[in-house]
Amino acid sequence: MEQQIPAIEAAGGSAVAIAVTATFSQQQFARDLQLSYPLLSDWNREVSQAWGVAYTEWKGHRGVAKRSVFVVDRAGVVRYRWVTDDALQLPDITEAVAALIETASAA
C-alpha cells in the first residue's frame, strides 16, 4: 500500500491501518516497514465489530479482524468496501484508489 500513498493523497484522501494488535506492536511494525501512514490499535475489538469485519473464530483465535479496505467520503459514507475471509489474500489497492478518485471528482 505504501506505493499507493501519493495517489491517495493526490485524490484528497488519507490512509490509516487498523489492527487488533497492541499499540507498541503497531509502532514497531510501522518503524520496521518505515510506513508513512498511521497504524491504529483496535485492541478492544470495537472497530472490527462495528464495521462487521471480525472473525467469529479464525484458526483457534477469537476477536481477529478480517483483512479489509474501506473508502469513506467526508460525509462518512462508505464508497468502497473490500473484505475477505482469506487472511492471506491481499487487496487490490488500485480499486480502492479508483473509488477514492471517483468519489473526489463527484464532490
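Me: A pocket is an open set of grid points where a 1.4 Å probe fits, with protein on both sides within 12 Å along at least five of seven lines. What volume does the largest pocket have here?

Reply: This is a predicted model, and its largest pocket has a volume of about 1,800 Å³.

Me: What makes a residue part of the lining of the largest pocket, and how many residues line this pocket?

Reply: A lining residue has an atom within 4 Å of a pocket point. By that test 49 residues line the largest pocket, and Val16, Ala17, Ile18, Ser68 and Val69 lie nearest its centre. Helix 4 (93-106) is among the elements that each supply at least two residues, as are strand 1 (17-19), helix 2 (23-33) and strand 3 (68-72). The largest share, six residues, comes from helix 4.

Me: How do the residues of that lining divide by nonpolar, polar and charged?

Reply: There are 36 nonpolar residues in the lining, together with eight polar and five charged.

Me: Why is serine 48 called buried?

Reply: Buried means under 20% relative accessible area. Serine 48 has a relative accessibility of 3%, so it counts as buried. This serine sits in helix 3. Leaving aside residues up to four places away in sequence, serine 48 touches Val20, Asp42, Val53, Ala54 and Ala65.

Me: And what percentage of the 107 residues is buried?

Reply: By the calculation, 30% of the 107 residues are buried.

Me: What makes a group of residues a nonpolar core, and which residues have the most contacts inside the largest one?

Reply: The members must be buried residues of the nonpolar kinds counted, joined through side-chain atoms within 4.5 Å. The largest such core has 17 residues, and Ile8, Tyr37, Val69 and Tyr80 have the most contacts inside it. Helix 1 (5-10), strand 3, strand 4 (78-83) and helix 4 each supply at least two of its residues. Helix 4 gives the most to this core, with five residues.

Me: Which residues does tyrosine 80 touch, not counting those up to four places away in sequence?

Reply: With contact meaning heavy atoms within 4.5 Å, tyrosine 80 touches Val69, Phe70, Val71, Asp92, Glu95, Ala96 and Ala99.

Me: How do you know how compact the protein is?

Reply: Let's start with the elements: there are four helices and four strands, in the order α-β-α-β-α-β-β-α along the sequence. The radius of gyration is 14 Å, close to the 13 Å from the globule rule for 107 residues, so the protein is as compact as a globular protein of that length. Its C-alpha atoms fill a box of roughly 45 × 30 × 25 Å along the principal axes.

Note on methods. Residues numbered from 1 in each chain as written. Predicted model: local features only at pLDDT ≥ 70, side-chain atom pairs only at ≥ 80, totals over all residues. Heavy atoms only, no water. 1 Å grid on protein atoms, 1.4 Å probe; cavity = no way out; pocket = protein on both sides within 12 Å on 5 of 7 lines; lining within 4 Å. Points joined across faces, edges and corners; volume = space filled by probe spheres on them. Nonpolar A, V, L, I, M, F, W, Y, C, P; charged D, E, K, R; others polar. Buried < 20%, exposed > 50% of the residue type's maximum accessible area, 1.4 Å probe, protein only. Rg over C-alpha atoms; globule rule 2.2 N^0.38 Å.
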